[in-house]
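Biologist: I'd like to learn how to read a structure like this one. Could you walk me through it, feature by feature?

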Amino acid sequence: MIINLNEAFKRQSNLVAFNFFNIETISGILDAAQEKDRIVILSFGESYMEHTPIEVAAAMASEYSKLYKKPFVLHLDHATRMETVEKALHLGFSSVMFDGSKLTLEENIFNTTMAVQHAKRFGATVEGELGYLNNEDGSDEIELVYTSVKDSLRFVSETGVDALAVAVGNAHGIYKSKPSINVDRIKEIHASVGVPLVLHGSSGIPMEVLAQSFEAGVGKINVNTELALAGCRGTREYMDSFGENPRFENAMRMARVEIKKAAMEFLDL
Ligand SMILES: [Zn+2]
């Protein structure tokens, strides 16, 4: 069963969103969810659309929802175009993120409000983002700016989002030094806005800091890099052991196993 973010929060706190774009990622994540008996968020990024049509991602999720007992959220990650939001909603995504973090605060509020209005018609939930993070693949470095409490309050009350992604020392990709997460800022923002906060770039943040973040008001953490590395690890291990005549399907099976293992570690939080 596919449920929206609010329904997921009613059943379970501390949600983990994992990115998927193919059979190995979706089945690895759902294998982990089933074994740990946890609701997860399957996150499909707008940036994957070149490789995996969003129609295919939605169809995969719909079919897999029949194969696994545990419900999950089907979420659109980092959508910067309203047409992607609309398309996802029509295809059955139960949750969408509109990423207006590169826009001015006014433009971000205007666009995110539109996304909320669209989503409501479909019974879907919306995540907004305030405070600019680096590119999703971690390819650029930016100066650290924390999301402000004042802007958060205005953003959430004017847009009506169900969850808010914040910048509190987190970044996408691989951290070059130990990340320093401002847990106090999480507390302050959460006390002010009331809705669950979202921590992007959770791969590489120590588990105890993720646990503190959950306690401080984060409701959802996003894990992408850790699974991307795990998939490659599985593939490489297979390639190393069958150097001469490797078979692609066997490599993909190993990738799925490693993705499952990596996802399971986050589901103990
Ligand atoms: Zn992100």
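**Reading the model together**

Modeller: Happy to. Let's start with a single side chain: leaving out residues up to four places away in sequence, Gln12 touches Arg38 and Ile39. Keep in mind that this is a predicted model.

Biologist: Where does Gln12 lie?

Modeller: Gln12 sits in the loop between α1 (5–11) and β1 (15–19).

Biologist: Does Gln12 count as buried or exposed, and why?

Modeller: The cut-off for buried is under 20% relative accessible area. Gln12 is at 10%, so Gln12 counts as buried. There's a polar contact to look at too: a polar atom of the Gln12 side chain lies 2.7 Å from the backbone nitrogen of Ile39.

Biologist: Now the metal. Which residues coordinate the zinc ion?

Modeller: Three histidines do: His78 through NE2, His172 through NE2 and His200 through ND1, at 2.0 to 2.1 Å. Along the sequence, the donor residues are spaced H-x93-H-x27-H. His172 and His200 link distant parts of the chain, 28 residues apart. His172 is in the loop between β6 (163–166) and α7 (183–193), while His200 is in the loop between β7 (197–199) and α8 (207–216).

Biologist: Are those two buried or exposed?

Modeller: Both His172 and His200 are buried. His78 counts as buried as well, because its relative accessibility is 4%. You'll find His78 in strand β3 (residues 72–79).

Biologist: What should I look for in backbone angles?

Modeller: The general idea is that most residues other than glycine have a negative phi. Here, His78 has a positive phi, near 50 degrees. Asp37 also has a positive phi, near 55 degrees, and Asp37 is found in the loop between α2 and β2 (40–45).

Biologist: And helices that pack against each other? How do I describe a pair?

Modeller: Two packed helices are described by the angle between their axes and the distance between the axes. Take helix α2 (residues 23–36) and helix α10 (residues 248–266): they pack at about 45 degrees, with their axes 8 Å apart. That makes α2 and α10 oblique to each other, and their crossing is right-handed. Residues making the contact include Glu24, Gly28 and Ala32 of α2 and Met252, Ile259 and Ala263 of α10.

Biologist: How do α2 and α3 cross?

Modeller: The axes of α2 and helix α3 (residues 54–67) come within 11 Å and cross at roughly 30 degrees. Again, α2 passes α3 in a right-handed crossing. The contact is made by Ile23, Ile26, Ser27 and Leu30 of α2 and Met60, Ala61 and Tyr64 of α3.

Biologist: One last thing: how do I spot residues that are apart in sequence but meet in space?

Modeller: Compare the sequence numbers with the C-alpha distance. Val195 and Asp162 are 33 residues apart in sequence, and their C-alpha atoms are 6.1 Å apart in space. Val195 has its place in the loop between α7 and β7.

Biologist: Which residues is Val195 in contact with, leaving aside its neighbours within four places in sequence?

Modeller: Val195 is in contact with Val156, Val161, Asp162, Ala163, Leu164 and His190. Val195 has a relative accessible area of 16%, so Val195 is buried.

Note on methods
Residues numbered from 1 in each chain as written. Predicted model: local features only at pLDDT ≥ 70, side-chain atom pairs only at ≥ 80, totals over all residues. Heavy atoms only, no water. Donors = N, O, S within 2.8 Å, 3.2 Å for Na, K, Ca; no water. Helix = DSSP H or I, 4+ residues; strand = E, 2+ residues; numbered from the N terminus. Buried < 20%, exposed > 50% of the residue type's maximum accessible area, 1.4 Å probe, protein only. Polar contact = N/O pair within 3.5 Å; in protein donor to acceptor, adjacent residues only side chain to side chain. Contact = heavy atoms within 4.5 Å. Axes fitted to C-alpha atoms, helices over the stretch in contact; angles between N-to-C directions. Parallel < 35°, antiparallel > 145°, perpendicular 65-115°, else oblique. Left-handed = near helix turned anticlockwise from the far one by under 90°.
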